[in-house]
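Please examine the model below from its overall layout down to single side chains.

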Amino acid sequence: MKKMKHLLLMIITCLFLLPFGTVAKEKINIYFFKGDGCPHCEEAEEFFNSIKDEFGKYYNLVDYETWYDKENADLMKKVAAKLGEEASGVPYIIIGKKTWNGYASSYNDDITSTIKKEFNKKSNDRYDVMKEPNKKDNISSDIVAVLIIVLVTSGIVYGIVTARKKSS
């Protein structure tokens, strides 16, 4: 009987801790193509710095200088083409499938709402233009959670049945 109480205590503890063992949501990437010395790019950078405290937990800002780096300029053109666009200048900002060519403070609300919207998507529903889709990563975290619960429950049932047989 004492073994049964210990087993039940372990089971309850495991079930309680299971939700806390889930992996934290990965940040989204914001791609920011800019030119050194571009006043609009500097304004956009100031904006991203101003929202870092509130929204920084949702995104990584990945920037590419394009005016003095030909490889980055070519990358910007390739990425824009992949999105079905033409990057006509800087700044060129990409969040998921949404882009902004240029920058004005009137974009701020749209950018912040897009950050939240993209972050809140399930990982396999997010789009990252720089990452090729990986079929191995398309397993939903919900499916993984269900599998873990089934395995834990099976182990619990097995433990209870084994404990009862030994006590008989």
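A disulfide is counted here when two cysteine sulfur atoms lie within 2.5 Å of each other. In general terms, a disulfide is a covalent bond between the sulfur atoms of two cysteines. The structure holds 0 disulfides. This is a predicted model, in which local features need pLDDT of at least 70 and side-chain atom pairs count only at pLDDT 80 or more, while totals for chains, interfaces and linings use all residues. Residues are numbered from 1 along each chain as its sequence is written, and side-chain values use heavy atoms, with hydrogens and water left out.

The next term is burial. A residue is buried when its relative accessible area is under 20%, exposed when that area is over 50%, and partly exposed in between, using a 1.4 Å probe and protein chains only. By this rule C38 is buried, because its relative accessible area is 4%. C41 is buried as well, with a value of 1%. Of the 168 residues of the protein chain, 33% count as buried. Accessible areas are computed by the Shrake-Rupley method with a 1.4 Å probe, and for residues only the protein chains shown count as cover. The accessible surface of the protein chain comes to about 11700 Å², and 58% of this surface belongs to carbon and sulfur atoms.

Consider now the secondary structure. Helices (H or I, at least four residues) and strands (E, at least two) are DSSP runs, numbered from the N terminus. The protein chain has 6 helices and 4 strands, and along the sequence they follow the pattern α-β-α-α-β-α-β-β-α-α. A contact means heavy atoms within 4.5 Å. Among the contacts in the protein chain with a separation of 6 or more, 65% are between residues 24 or more positions apart.

The expected span of a helix is 1.5 Å times one less than its number of residues. For the 12 residues of α2 this gives 16 Å, which agrees with the 16 Å between its end C-alpha atoms. Which residues of α2 are buried? They are C41, A44, F47 and F48. Seen down the axis of α2, these buried residues fall within an arc of 115°, so they line one face of the helix. The arc is that of the directions from the helix axis to the C-beta atoms. The buried residues of α2 pack against β1, α3, β2, β3 and α5.

Not counting residues up to four places away in sequence, T112 touches F47, I51 and F55. A polar atom of the T112 side chain lies 3.1 Å from the backbone oxygen of D109. N108 counts as buried because its relative accessibility is 18%. The side chains of N108 and Y103 are joined by a polar contact of 2.5 Å. A polar contact is a pair of N or O atoms within 3.5 Å; within protein, one must be able to donate a hydrogen and the other to accept it, and residues adjacent in sequence count only if both atoms are side-chain atoms. Not counting residues up to four places away in sequence, N108 touches F47 and Y103.

Finally, turn to the loop between α4 (70-82) and β3, where P91 lies. The peptide bond from V90 to P91 is cis, with omega near -5°. A87 is found in this loop too, and A87 counts as buried because its relative accessibility is 15%. Apart from neighbours within four places in sequence, A87 is in contact with M76, A80, Y92 and N101.
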